[in-house]
Amino acid sequence: MRQLLRRLRVRVPGLIAAAFCLTGSCSFAPAQDVTNYLTPGVARVGAKLACRCAGCKESIGQCPMIRCESADPMRRRIYDMQAKGMKDDAIVKTIVDEQGIIALAGQQPLEWIAWLMPPVVLMIGFGIYSIWVKRNRATQPAKLTADEQATLERFHKQIDREFDDEAGKRS
């Protein structure tokens, strides 16, 4: 038993020291997460390619989603292609050849219309309404014919009689 304890006394501190060294050396190993792939070179190439996830309309280099199912694999792929020595244009051409023209990022050509149309339509509508009001205010009503005047007088008399009848009922 004493011999076993002596062996353990010698080995336990060594084992503890080895465990600390192993743990310490592993903690310094860089983890390859998605942000490590987003180097300036990857961002430069990624700015030319569209992120195809459902959540954004950004480029691969600017997609803000964490663990994006489209941007992360593409960033990794661009990183690997650059590590092999491929030029930016060759990387973009390779991806476009595989995925088609839809892989390219670009501004929507008519996107600004969505922002400008509501105020423009309101201003046009206000202008048309103003012109209509001015035109109708400037014109004089047409003169009534004798028949129309007689009908109007008859309705006025009927309205007066009905008001007088209502006033008599209330008092």
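**Entry 1**

I looked up aspartate 72 and found it buried, with a relative accessible area of 6%. Buried means under 20% relative accessible area, exposed means over 50%, and partly exposed is in between (1.4 Å probe, protein chains only). I am working with a predicted model, where local features need pLDDT of at least 70 and side-chain atom pairs count only at pLDDT 80 or more, while totals for chains, interfaces and linings use all residues. Residues are numbered from 1 along each chain as its sequence is written, and side-chain values use heavy atoms, leaving out hydrogens and water.

Which residue does aspartate 72 meet in a salt bridge? I found arginine 75, at 3.7 Å from N to O. A salt bridge here is a side-chain nitrogen of Lys or Arg within 4 Å of a carboxyl oxygen of Asp or Glu. Helices are DSSP runs (H or I, at least four residues), numbered from the N terminus. Arginine 75 also counts as buried, at 5% relative accessibility.

I searched the whole structure and got five salt bridges. In one of them, glutamate 98 pairs with arginine 77, and their closest N and O atoms are 2.5 Å apart. This pair links distant parts of the chain, since glutamate 98 sits in helix H5 and arginine 77 in helix H4, 21 residues apart. Arginine 77 is partly exposed, at 25%.

I also noted aspartate 97 and lysine 93, whose side chains meet at 3.0 Å, N to O. Both lie in helix H5, four residues apart, about one turn of the helix. Aspartate 97 is exposed at 55%, and lysine 93 is exposed at 51%.

**Entry 1: the core**

How many residues are in the largest nonpolar core? I read 18, and Ile78 and Ile95 are among those with the most contacts inside it. Such a core is a set of buried Ala, Val, Leu, Ile, Met, Phe, Trp, Tyr and Cys residues joined through side-chain atoms within 4.5 Å. In soluble globular proteins, nonpolar side chains tend to be buried together.

Next I checked isoleucine 95, not counting residues up to four places away in sequence: its contacts (heavy atoms within 4.5 Å) include Leu49, Met74 and Ile78.

**Entry 2: threonine 39**

I found threonine 39 in the loop between helix H2 (34–37) and H3. Threonine 39 is partly exposed, at 24%. Leaving aside neighbours within four places in sequence, threonine 39 is in contact with Tyr79 and Gln82.

Methods. Helix = DSSP H or I, 4+ residues; strand = E, 2+ residues; numbered from the N terminus.
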